[in-house]
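Here's a quick tour of a structure for you. Have a look at it first, and then we'll walk through it chain by chain.

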Amino acid sequence: MEKAEKRWLYVLIIVFVIVNVVTLSSLIPWQSWQLWQNPEPAQVVKVAYNDYTITMDTPVQIKAGEFVQFSATSADVTYGFGVFREDNSMVFQMQVLPGRENQIIWKFDETGTFDVRSTEYSGPKHSDMVVRDAIVVK
Amino acid sequence: MTTLGNMEKWTLRFAVVALLFLALSGFEGMLMRSQQYNIDSLHGMEALLNNLRPGDVEPTTAELYYAMLSAHPIVGIYGFVYMAVFGAFYFLVPYLIQKPVKHPKLVVANFWLQIIGVMTCWAAGFFGLFNAMYTLYWPLPVAFDRVPVVGSIFFMLGAAAIMVNILLFSYNIFKTVLSKNGEGSYTMGQFLRAAFGIPRLLKLFGKEDKTAVNLDYNGLPPFIVAVARGSIDTVINAIVLLSAGVLILVYGLFALFGHPLNPLAVDALIYKNIYWWGLDMVADGNALIYTAGVWYLLVPLLTGRKLFGAGVVKTVIMADLLVSMGVWSHHLLGDTSQPMWMKILSGQFITWGEYFTMGLTIFVSLMTIWKARPVKMSPAMKFTLGSMFGFVMGGIAGLIQANVGLNMVFHNTQWVVALHAHTFLLTGVGTMLFSVIYTLVPLLTKLEFKHPKLVDWHLWLWLIGSVSMAYAMGMAGSNGMIRRTLYTGGEFSTNTLAAFIGGSVVSIGFVLFLINLVSTIGLKNVLSLVLPDRKTRQPDPLQAPAQ
């Protein structure tokens with residue numbers, strides 16, 4: 001290996017270590033409860049998918065700063081569960097596979113009203129799978 | 001133009017058809033971009049084209065959009081990229097190793113079977129409204145209340161033809177590389193042992209196999225090593241996709257004859273793991289290895305200087321092969337049922353292996369160019385540098401989304417498909433294939449491109465257009481725009497309009513390239529490539545190695 005190649009390899013290794021340490025740490029807020037904690041959710045929200053329909057008791061009332069678990073099931077094909085702000089930006093999402101209990105824990109640190117949208121293509125009517133004002137965080 | 005040998009002619013035929021598929025894929029892309037901006041923009045065209053479809057079916061705009069979206073990557077990847085790769089490799093491999101193509105008739109079969117396969121998939125979308133996307137997430141392709149069963153069957157038949165054809169191509173390339181200059185050839189077992197470096201590994205542990213043939217690539221050019229090792233990924237990809245296609249085909253045929261099978265008999269998560277493992281052999285396997293090989297070939301050729309650090313690059317290619325087999329979980333970071341250790345190990349850490357291999361590949365290529373100064377900025381050199389930029393940009397975007405933490409807000413957004421996939425394919429692979437065309441056309445025809453200024457216009461319009469298109473949609477993705485979703489409320493219209501303009505700039509660049517190409521070769525000569533040869537057939541046309 002040439003000297004210059006070695007030096008470049010060291011640069012690559014340094015960047016690799018820095019980026020991975022930072023992004024696996026709790027500097028990314030949700031990594032703290034995804035990887036480093038095992039929080040007990042204050043409430044569990046059940047979401048059911050079937051025939052292009054998202055069924056959940058809306059509006060879900062959530063307290064900011066509390067852990068909430070979303071548990072989604074599908075009776076037919078793969079869908080997605082995504083939570084979106086009013087400006088359409090995404091808070092988080094997960095895939096909803098049939099035959100499995102798809103669970104994610106989240107802690108909202110912002111108040112407001114949020115939409116739920118299917119984030120995985122499930123057929124030509126997929127784009128209509130939106131539940132407006134599904135979640136209210138106070 | 002000089003008289004072309006048959007292999008040269010076939011290479012140019014592959015190139016012409018590849019460019020036609022690129023044009024078709026680009027046209028589809030622009031149609032979809034206009035629908036993303038305004039969902040009603042194509043109503044007139046839809047009504048007109050409905051007259052061509054069988055029966056009295058009047059598909060919705062969404063059905064047509066998603067059918068087109070399903071066909072689009074098949075045309076772009078298996079039509080444009082694979083056809084171009086077939087043509088280039090069928091010329092370059094025999095040229096570099098000075099051996100004829102082992103099975104010349106397979107070259108002709110590959111040409112036609114690829115066209116038939118791609119067009120069958122396209123027709124399954126256009127006529128049969130197949131809309132399950134190329135990802136084929138189980139059980140959507142067998143949910144026949146959403147995906148028309150006849151369309152699904154035809155799509156799978158087309159996909160099967162493509163995959164069988166890729167296996168035939170790989171077989172022919174392997175046999176050509178493995179054939180001895182004298183009689184006979186090495187066995188596939190010997191080749192695979194050599195490809196994975198097993199004899200060398202054994203030697204390290206003091207267990208040298210003295211009977212092993214010297215196939216550890218020491219004597220072969222890096223490009224050939226890349227072709228051979230990349231083709232292992234190609235074969236695995238084709239086998240996995242072929243198996244998925246056959247499974248869906250079986251479900252389709254049973255449904256067609258009134259005996260539907262239970263979709264839940266197949267576990268969606270296990271299927272997704274296996275499918276992505278195979279599919280990623282293209283996205284994170286042969287695409288990178290073949291590209292590295294092309295740079296290892298073109299950079300020394302264009303600079304007239306030996307590849308910097310040539311001893312390391314074969315190891316890098318081998319590392320790329322191993323890495324490509326372990327990265328698939330980065331497509332399942334949104335699946336909460338996927339074990340976290342797999343997400344971190346396979347999805348994140350092993351994916352960074354590509355950063356090391358491509359990082360070293362680009363470094364040695366750039367160092368070679370640097371040390372060869374002053375370098376003539378030929379068309380091929382400009383496009384080679386452009387393609388490196390595309391891979392850096394697309395690669396960084398890929399590393400961001402292949403991160404357990406960041407994927408939470410990037411998964412399935414336009415970021416993935418725009419800043420990563422389209423940057424890789426248009427700015428990276430597309431620009432790289434143009435560099436090959438700019439190298440091969442003068443080499444084969446002994447003609448220099450007629451309008452050097454058009455080469456520059458092509459380069460800059462292609463780069464600026466593809467980057468601005470990807471950037472516009474990538475920013476939409478980072479703001480929450482989901483891929484494969486038709487927004488009807490104008491939520492991201494500024495981004496989609498900017499992407500439409502970017503796509504138009506790319507198209508203008510491509511048209512300028514075609515004008516330059518046709519005026520260089522001559523329309524008559526281009527047509528003679530695709531029209532039947534009137535001359536008496538020459539004996540044994542493809543046997544002689546191209547010179």
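Starting at the N terminus, the elements of chain A go α-α-β-β-β-β-β-β-β-β-β. That makes two helices and nine strands, where helices (H or I, at least four residues) and strands (E, at least two) are DSSP runs numbered from the N terminus. Keep in mind that this is a predicted model: local features need pLDDT of at least 70, side-chain atom pairs count only at pLDDT 80 or more, and totals for chains, interfaces and linings use all residues. Residues are numbered from 1 along each chain as its sequence is written, chains are lettered from A and ligands numbered from 1 in the order in which they are written, and side-chain values use heavy atoms, with hydrogens and water left out.

**Chain A**
- The radius of gyration (over C-alpha atoms; the globule rule is 2.2 Å times the number of residues to the power 0.38) is 19 Å for chain A, while a compact globule of 138 residues would have one near 14 Å.
- Its C-alpha atoms fill a box of roughly 60 × 35 × 30 Å along the principal axes.
- Of the 138 residues in chain A, 51% are buried, meaning under 20% relative accessible area (1.4 Å probe, protein chains only).

**Chain B**
- Chain B has 17 helices and zero strands.
- The C-alpha box of chain B is roughly 60 × 60 × 50 Å, along the principal axes.
- Here 60% of the 547 residues of chain B count as buried.

Methods:
Buried < 20%, exposed > 50% of the residue type's maximum accessible area, 1.4 Å probe, protein only.
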